[in-house]
Amino acid sequence: MSVSKSAESNASRRERFARYRSTLRYGTYVIFHPFDGFWDLIHEHRGSLSAANTFLVLFLITYVLRLMLTNFQFITAPLQYINIYEQCGSFLFPFLTLCVSNWALSTLFDGKGRLKDIYMAMCYALLPYVLIQLPLILLSHLISFDEASYYTVLASVSVIWCLFLIFVGLMEVHDYGPGKTLIFLFATIFGALVILFLILVFFSLLSDALGFFVSLYREIVFRLN
Amino acid sequence: MIFQRMLLLSLCLVIAVMPIAVASDDGFASSYTYNYDYWGEIRESPDAYRVSDVIYSATLNLEETPMRNPQSLFVQGQNLYVVDTGNNRILEIAKQDDAYLLTRIIDRVEGAEPSTFSSPSDVFVDEEGTVYVADPGNTRVIKMDKDLNYLQSFVKPQDSTFDQSISFLPNKIAVDVSGRVFVLATNVNKGLIKYEADGTFTGYIGANQVSYNLWDYVWKTFFTTKEQRAQQASFVPTEYENIYMDKEGFIYATNTVFSEYDLLYDVAKPIRRLNSVGSDILIKNDRYPPIGDLSWVESSLDYGPSKLKDVTVLDNDIYIAFDRTRGRIFGYDPQGIMLWAFGNKGNSAGSFMGAVSIEHMGQDLYCLDENQCSITVFTPTDYGKLIYQASDEYLRGAYEQSADTWRQVLKLNANYNLAFIGIGRALMRQEQYKEAMDYFKMAHDRRNYGRAYRYYRKILVEENIGWIVAVVILLLVVPLILRKRHQMKEEVEEYERLKVGRK
């Protein structure tokens, strides 16, 4: 009985792992065929959240490795001041805020995507950065300062490709037209600023409220003594 | 490894020597010398220059009529000329065996009308001893022979390009070898006024470019009324602060009117080297342009960018600027890399309250303070001399010697970027590219590192061409073979399956 159960769970684990692998491999399809790719990613369930998380982590690793290991001819990062967590946070926080803000706005204007779908599409769109920037780190040690144009061109291609994929991804996820997506991209940035403002207001009010109770407590203690 | 040990050793050496140097203060007033590192942070440095003398009115036996508001210095040979503006005279001081003697007071010109000066602002003396004096009170630049007999005067240009309603107020002058006179005049923003040797006006050179950005332009054109526009400052070029003619006849000019924002992006260009058509050809190969101080303490009294009042150029093309804001002196090499900075605001020797003019005699610096009415004489220390020696040796082509001298500099100051670059450049000339790369990397010199790396890569590729070709072939051939093998295997399996099926 127990043997068969463990065998069953083993089989399901293997199945899950196979699915994870296929969703990972699907990333390479998405970045070359974004219009079909993003549609099937969400609507045909060809993508998975775990693969999306993997891409995001890979992106962050690339982001940090690029700063640390690129030849100094091309990047002048003051290594002595760089904090890895700060670097990751400075990407993650705006990224997640933009996801939330896009979801919040698009649900109001008949966007089809759920928060999970938006997050998955955005994460899959980061893949070109990883695929280009990781070899670029190696390349930076093989070329000289005069050949910097190769480096800069490839680096800009990686960023532009990602931005294009995000655009197409959001378009397919919400089933919007290009114009509407563009408008919503700007609205999303604005929405993210609003979220930031609300967070600031929340924390400042919270600290005021806490301050009130602390002073109340002090006053009472003072009176009692 | 050896290099790291050397660095550590030299660091220890510096630390060990520092307290001793302070303890055995041999009568020199030590200024606080520093330099900026690659990240723009201040790094203390040994003194490159120290005060060796201060010339006051009393030194020159001028107790009865001491200097008043002196405005300019000039050096020709062993003579030092001080423009004593407040007393309408020019003092000629001769340097004789480290002593300074007043040899002549120039306060009148034989045969000129009027024969005296009225608040003279600058003087120029050529090699024959011909004296040129900028005399704004009499609206002229006057030229006299070495016995002070009137020769000619340069007056307001009778030309339509010169606004005839304003008076001609020459402020600073420079004269080239063929006697052409360049005048920096107050209220003239078209550049330097240029006269031929015979006194004819031939135009302006080096107009300061008008600086405004697109946003300013859009704002002024579309969003302001005519009345508002009239009240705002219009887009006019600013005047230069001072000029200096180097030995090749290029004019160095300084500029103190700009916004802080422009400094950062090298739009302001406080120091310029003007060629004959007036464009700036100053070389800037450092991360930071030559602008004096890169940062200043917030809310201090001397807040703000350096105001470079004057510049002087040594014979080896090293130029030195004098800052009014914090009384500092900045030296730059011909590549635009800062050699050192020192000086302070204050009243002690080596500090300045009213920096106005700087000159050099050989490697010695003469700095004029208009408030203290004193001339401070700086002589280079061993450290300062080593820096000059190393760059001279490199210019001469003695690369190995120059590397050795830079190594000595490095022993005195392990934070000296230019020494790393200097050693690297010498090593590169000796075709030791790998070592050169290490030194360039230490100095964050990307351009030179790239250059050395290209040579290094070329050698590496040439030596290992066999391996590289082998690897490339392997990378191309192996997948092909693997794929072929896979195909064949599949075909065999297919055949087997068919055979089984037929049975």
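Chain B is divided into domain 1 (67-215), domain 2 (414-463) and domain 3 (465-503), with bounds from an automatic or database domain assignment. This is a predicted model, in which local features need pLDDT of at least 70 and side-chain atom pairs count only at pLDDT 80 or more, while totals for chains, interfaces and linings use all residues. Residues are numbered from 1 along each chain as its sequence is written, chains are lettered from A and ligands numbered from 1 in the order in which they are written, and side-chain values use heavy atoms, leaving out hydrogens and water.

**Exercise 1.** Find how far apart the C-alpha centres of domain 2 and domain 3 of chain B lie.

*Solution.* The two centres are separated by 47 Å.

**Exercise 2.** Describe the salt bridge of Lys180(A).

*Solution.* Step one: a salt bridge needs a side-chain nitrogen of Lys or Arg within 4 Å of a carboxyl oxygen of Asp or Glu. Step two: the partner of Lys180(A) is Asp110(A), with the closest N and O atoms 3.6 Å apart.

**Exercise 3.** Is Asp37(B), a partner of Arg43(B), buried or exposed?

*Solution.* Buried means under 20% relative accessible area, exposed over 50%, partly exposed in between (1.4 Å probe, protein chains only). Asp37(B) has 11%, so Asp37(B) is buried. Arg43(B) has 31% and is therefore partly exposed. Their salt bridge spans 3.0 Å, N to O.
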